[in-house]
Amino acid sequence: NKKIELSLFAYGLILGLILEALGPITGYEQFPKSDLLGIPYWLPVCWGYAFVAIKRISMVIATGSPWIH
């Protein structure tokens with residue numbers, strides 16, 4: 001379970017980094033305090049956590065409990 005969530009977090013982090021970096025690279029958006037590839041460092045972390053949160057919420061909806069698979 002933890003391995004799956006860690007994989008989801010890493011996938012969300014990488015996908016978020018790529019997608020959010022496209023804005024400043026293409027000139028579509030700019031962040032006033034950018035740290036990493038024109039985006040704030042915390043933004044890809046939010047993507048990673050969102051992937052894990054969506055998985056946890058879907059487990060609650062599907063099983064009624066986040067601990068039952």
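Is E5 buried or exposed? E5 is buried, because its relative accessible area is 10%, where buried means under 20%, exposed over 50% and partly exposed in between, with a 1.4 Å probe and protein chains only. The model is predicted, so local features need pLDDT of at least 70 and side-chain atom pairs count only at pLDDT 80 or more, while totals for chains, interfaces and linings use all residues. Residues are numbered from 1 along each chain as its sequence is written, and side-chain values use heavy atoms, with hydrogens and water left out.

The overall layout comes next. The protein chain holds 2 helices and 0 strands; helices (H or I, at least four residues) and strands (E, at least two) are DSSP runs, numbered from the N terminus. Helix 1 covers residues 2-26 and helix 2 covers residues 42-63. Along the principal axes, the C-alpha atoms of the protein chain fill a box of roughly 45 × 20 × 15 Å. The radius of gyration is 15 Å, whereas a compact globule of 69 residues would have a value near 11 Å. That radius is taken over C-alpha atoms, and the globule rule is 2.2 Å times the number of residues to the power 0.38.

Of the 69 residues, 22% count as buried. The protein chain exposes about 5200 Å², with carbon and sulfur atoms supplying 72% of this area. Accessible areas come from the Shrake-Rupley method with a 1.4 Å probe, and for residues only the protein chains shown count as cover. Among contacts (heavy atoms within 4.5 Å) between residues at least 6 apart in sequence, 51% join residues at least 24 apart.

Side chains of opposite charge can pair when their charged atoms come close. A search of the whole structure finds 2 salt bridges, a salt bridge being a side-chain nitrogen of Lys or Arg within 4 Å of a carboxyl oxygen of Asp or Glu. One joins the side chains of K55 and E5 at 3.5 Å, N to O. This pair links distant parts of the chain, since K55 is in helix 2 and E5 in helix 1, 50 residues apart. The side chains of E5 and R56 also meet in a salt bridge, at 2.8 Å, N to O. Here E5 in helix 1 and R56 in helix 2 are 51 residues apart. K55 is buried, with a relative accessible area of 14%, and R56 is partly exposed at 37%.

Rings of Phe, Tyr and Trp (its six-membered ring) pair if their centres lie within 6.5 Å; planes under 30 degrees apart count as stacked, over 60 as edge-to-face and the rest as tilted. By this rule there is 1 aromatic pair. The ring centres of Y11 and F51 are 5.7 Å apart and the planes stand at 65°, so the pair is edge-to-face. Because Y11 lies in helix 1 and F51 in helix 2, the pair ties together parts that are 40 residues apart in sequence.

F9 is another residue of helix 1. With a relative accessible area of 29%, F9 is partly exposed. Leaving aside neighbours within four places in sequence, F9 is in contact with V45, G48, Y49 and V52. The C-alpha atoms of F9 and W47 are separated by 7.9 Å, although these residues are 38 apart along the chain.

I18 lies in helix 1 and is partly exposed, with a relative accessible area of 48%.

Two further residues complete the tour. L37 lies in the loop between helix 1 and helix 2. L37 has a positive phi of about 55° although it is not a glycine, and L37 counts as exposed at 55% relative accessibility. I57, in helix 2, is exposed with a relative accessible area of 52%. I57 and N1 are 56 residues apart in sequence and 14 Å apart in space, C-alpha to C-alpha.
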